[in-house]
Structures are given as structure tokens and as C-alpha cells.
Amino acid sequence: MFILGIVVFAVGLLFSIAWHELGHLSTAKLFGIRVPQYMVGFGPTLWSRKKGETEYGIKAVPFGGYIRMIGMFPPGPDGRLEARSTSPWRGMIEDAREAAFEELKPGDETRLFYTRKPWKRVIVMFAGPFMNLVLAIGLFLTVLMGFGISQQTTTVSSVSKCVIAQSENRDTCKKSDAASPAAAAGLKAGDRIVAFDGVRTDDWNQLSDLIRANPGEKVDIIVARDGKEVPLTATIATNQVAKKDSSGQIVEGEYVEAGFLGFSAATGIVKQDFGESVTWMGDRVGDAVDSLAALPGKIPALWDATFGDGEREADSPMGVVGAARVGGEIFTLDIPASQQLAMAVMLVAGFNLSLFLFNMLPLLPLDGGHIAGALWESLRRNTAKVLRRPDPGPFDVAKLMPVAYVVAGIFVCFTLLVLIADVVNPVRIS
């Protein structure tokens, strides 16, 4: 089952990469740009077939993919490839420029990437990450609306005997502790609260907010018990409880004074409607953006967990190998097969969301870097047009290749660090 989980993730990974490159390929062909190659993976070619003017193939290392477009960079100022130089920076620039023209054929002069209008180039480069976003949304909706997700419900799992401040982190009562309102009211494990103070509800977050908002109040509660609705009355206590953020999530280590009934909510698989699904996905996008911004700050702890004696944090950066291991662990969990599949789909969906956000960073060699270059060119040309100045021509993105190599080097080092961490001290699920 562990191997099956890895295989499922690997298939999802390969499809995600192919789907990403399909976005680039389809829009490039739409705008008449010649594309000699469409490849999934890097390294030696395992399989390829040429159809029309494009070679389609799969390579040995499934950590990415690419399409090769003719004329990604403009020629030098004289309209040609510039001469060799002893400068290593100039060498990087001209190597990139030469590679952009190495498969040039007669008639390709009108099919070069850099000759397309900036807005067309933006579409071509944005189409890849956009395909990952579309796939992520589709997979998230499939799980949220089709399978459902584990969340707290209005069903009672257990009833507290007394009122204990949550910051005390204990579960045994003292003689000085007051009896919990839930126990005093006769609430029992297995009861499902269907109404609180006249408000009908089947949503845990709404019920929790209602309880918190009524400290000291005597309220009527209706529970479903043995197929019947049973009325109860409770006086809500005031207690120190965990703070919740705007999305209803618990804020670790922070507490507030609020209403307290005194029971634990059972968890269950609950299908979401479209509106709830959109809200949930919006929260996850926000979390992903925050995680991406916090990524540099997590490197020291990741290094300590890899080469020192530090613990691997639950929200530690994780690479493809780590995600594959998690995919394998999902299929060994003692949960229904439908939920194993749902969790695996969620993992692939999260991977695609990460691909979208990561590729939108305005840095070469990422798609976002090419988008930024096209937008800068459009700004320069439109400004010159308004000021009635000569057209400055295409922006020479090749001049940024030294920066791209530095960025790529940082990415490679980070990827290697995460890879080693995923092998020697992996993130695990329970």
C-alpha cells in the first residue's frame, strides 16, 4: 500500500508537469510560435515521438519539464548574435542567446517568441502556471464537494465534568473547579446539537461562536438523541478558551475570555457546498502565500533538522521525495479507502497550488521572470509612444541571465537540502 501511494503521487506529479507545459505549448502554437520540443522531465530521453514540427517525449528525471520555443531572446544590438567574450557574464548571456536560435530554420523569422507582442508573451508564460491553478481548483472541488473533509461537527464526543481553563493544559478536575454547564444540563456523548438559544445549526463553527458569545447566559439547547429531539437548558460559564482567527482556526498559544459549555466535538467527514468550498480554498491560498513568504526563515531549522539534532517541524518545507513518502503513508492509514484517495488527491492539488505560486515569482528562470520582462517592455514602449520618442525595441531578457543563473543556483541548493532532509529526517503524518 505504501508503494501504491508513491505510485499514485508520481502519476499525479507527472500529469501536473505535463499539464503545465501543455498550457505553454497550446498558447505558443496559438500565436504562431514554433515549438521544436515538448518534454516532461529532464536528463536522458526515455521515449519521444515527433508529430508535425514538435517532438514530444518523456525524460528520466521527473522533477520538471519544458517546451523549447524558437527565439526566446532577441539578437544583439546589431541584429545578430554577438561575438564571444572572455567575460563569464557575457558568456552566459550569449550562450542563452545562441541556444534561442540554434534550431532556427528558413521561414522562422516570423515565428520567434520575442517578436510577439508583450501581451501575447505574457499569456504564453502565464498559461503554464494557470493550468496548475485550474487543476488545483478542480481537484480541491472534487474532494470538498465529492468526498468531503474531516472537520468538527455538532455531535458530542465527550462531556467535561468541570470548568478548566484551556491554558492549564490538564484534564483532571480539582475540588475547586465548578461543574461544567454541559454536564449540569445533562448533555451526553453521542448527542447532536441541532439548536442553540433558538438558532438551528448543523455547523460547528457557528455553534462554537454562539457558545462563546453568550457567557453567563441561560440558554435553551435542543439535541437529537435516539431519533428524538430533546430539550435541555444550560447556563453558559465564562472561561479561558483558545483564541480563533478570522477563518475560525485555533490560534496556538493564545487565549481569550469567552462562553464555555464544556464538551468535545466529534469529527466527521462532511461534504462542503460550493460556497464553503470557495471559502476553504481562499483560506488555503492565503496560507500558501504566507508559507512561501516565510520560506527563507525556515531554512535554519531545516538545516538543523537535516545535519543537526533538531526536530523536523510539521510545517517544514518538503520536496517531491518528501511528498511521495507522505503519499505512501496516506495509503497505510487505518481509514476508509475513499478517504485515502481523497487525501492523495488533496496532496496533488496542494502540489499544483504550490507550483502556481512558485512559478509566478518575478524571477528568471521562472515563468514569472519572463512575464515581468514582457510587462517591462510593454511599459517602456508605451511610455516612449506617449512621449513621442523612438521605439526602444524589445527588452533584452538575455542580459538578466547571470541573475537567472544565481537564482537557479540558489534553487538547486535549496532543493538538495530539502531532498536530504526528506530522506534522513522526513515529515511524517499520523
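**Exercise 1.** Determine whether glutamate 168 is buried, partly exposed or exposed, and identify its salt-bridge partner.

*Solution.* Glutamate 168 has 40% relative accessibility and counts as partly exposed, given that buried means under 20% relative accessible area, exposed over 50%, and partly exposed in between (1.4 Å probe, protein chains only). Its side chain meets that of arginine 170 in a salt bridge, at 2.5 Å from N to O; a salt bridge is a side-chain nitrogen of Lys or Arg within 4 Å of a carboxyl oxygen of Asp or Glu. Arginine 170 is partly exposed as well, with a relative accessible area of 22%.

The model is predicted: local features need pLDDT of at least 70, side-chain atom pairs count only at pLDDT 80 or more, and totals for chains, interfaces and linings use all residues. Residues are numbered from 1 along each chain as its sequence is written, and side-chain values use heavy atoms, with hydrogens and water left out.

**Exercise 2.** State how many salt bridges the structure holds, and name the residues of a salt-bridge network.

*Solution.* The structure holds 15 salt bridges. Arg121, Glu377, Arg381 and Asp391 are linked in a network of such bridges.
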